[in-house]
Structures are given as structure tokens and as C-alpha cells.
Amino acid sequence: MAYWLMKSEPDAYSIDDLERDGTEPWDGIRNYQARNFMRDDMKIGDEVFFYHSSCKEPGVVGIAKVASQPYPDPTQFDPKAKYFDPKSKEEDPRWILVDVAFVRKTKRPIPLKELKQHPALSDFRLNKRGNRLSIFPVDKKHWDVVLSLE
């Protein structure tokens, strides 16, 4: 099993939304490296930190799991969709997604500020300068440290 962090802006899609919906396609990813993680590396059952970004208090707010094999993101083909990509073709899709299933909320939100201050997370990808990826792998040692902060 692998571990991941997936960011979402809570006003776009929050941990509460995932709890309500149960399972949701993780659509709208338009970064090739993040897409490649979903397409090539994510497996059903992998665990995910659900991270609220671009908000008053960014941080880890829940646990989810990968719930499907990768498949083409349907929003890329819909001209009315926010994530429409006119260069993508159904016979050769550019953008891939996986479904993500709610597991639980963290006992408390674990703020980015706290994650940045923890010595055992000094090399955690989230804490590195310039990290703007919305999806990235998490080492098991970092996974365990973050969970210990709940």
C-alpha cells in the first residue's frame, strides 16, 4: 500500500463534501505530474491525507482511500465544464482521475503551521519550498508522524 496527500480548496470540495458523498471522482487535475501519480502509481486501497488548501487554516483534515482504477476524467470532454480541454480526445485522453472514498475526518485539523514546525517532518514534501503539487506521495514515516499529531 502507498500513501498520498491530495489537496482541495474547501470552498470547491471539502472533507465534509466527501463525507456526505462517500466516494467522488478526483476530477479537474491539470498538472501532468499529479496526473501521472494517479494514472501510474495509485492503487485501490492506498490511503490519502485529505488536505484543505488555499483557505484561512490550511492543513490535513481527513483520511480517504483510493477507490477505483484510473480512468479518463470526463470533464476534459465537456465544453460546458470548468476543466474542459479542447486538445483532449476521447480516443486519446490527456487527463486521468481516480475515485476517492471517505474514511474519516482527523480527530482535529492538523494545520500546515504545525506540520512545518515538527522536526520529524523537515523533509516532508508538503514542507518543501515551491511545492505546488495538488497530489503527491507520502513516505510511511511521514504518514505515521502526521497521524500521531491528531
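## Lining of the largest pocket

In this predicted model, at least two residues of the lining of the largest pocket come from each of strand 1 (3–8), strand 2 (23–25) and helix 3 (112–117). The volume of this pocket is about 890 Å³. Its lining comprises 30 residues, and those closest to the pocket centre are Lys7, Ser8, Glu9, Ser53 and Ser134. By residue type, the lining consists of eleven nonpolar, nine polar and ten charged residues.

## Helix 2 and its buried face

Helix 2 spans residues 32–41, and its buried residues are Ala34, Arg35, Phe37 and Met38. Viewed down the helix axis, these buried residues fall within an arc of 155 degrees, so they line one face of helix 2. The partners against which they pack are strand 1, strand 6 (96–97) and strand 8 (135–137). Strand 1 also supplies at least two residues of the pocket lining described above.

The N-terminal end of helix 2 is capped by Asn31, which has a side-chain oxygen 2.9 Å from the backbone nitrogen of Gln33.

## Leu149 after helix 4

Leu149 is located in the segment that follows helix 4 (140–148). Its relative accessibility is 13%, and because buried means under 20%, Leu149 counts as buried.

Leaving aside residues up to four places away in sequence, Leu149 touches Arg108, Ile110, Glu114, Leu115, His118 and Leu121.

Notes:
Residues numbered from 1 in each chain as written. Predicted model: local features only at pLDDT ≥ 70, side-chain atom pairs only at ≥ 80, totals over all residues. Heavy atoms only, no water. 1 Å grid on protein atoms, 1.4 Å probe; cavity = no way out; pocket = protein on both sides within 12 Å on 5 of 7 lines; lining within 4 Å. Points joined across faces, edges and corners; volume = space filled by probe spheres on them. Helix = DSSP H or I, 4+ residues; strand = E, 2+ residues; numbered from the N terminus. Nonpolar A, V, L, I, M, F, W, Y, C, P; charged D, E, K, R; others polar. Buried < 20%, exposed > 50% of the residue type's maximum accessible area, 1.4 Å probe, protein only. Arc of directions from axis to C-beta. Contact = heavy atoms within 4.5 Å. Polar contact = N/O pair within 3.5 Å; in protein donor to acceptor, adjacent residues only side chain to side chain.
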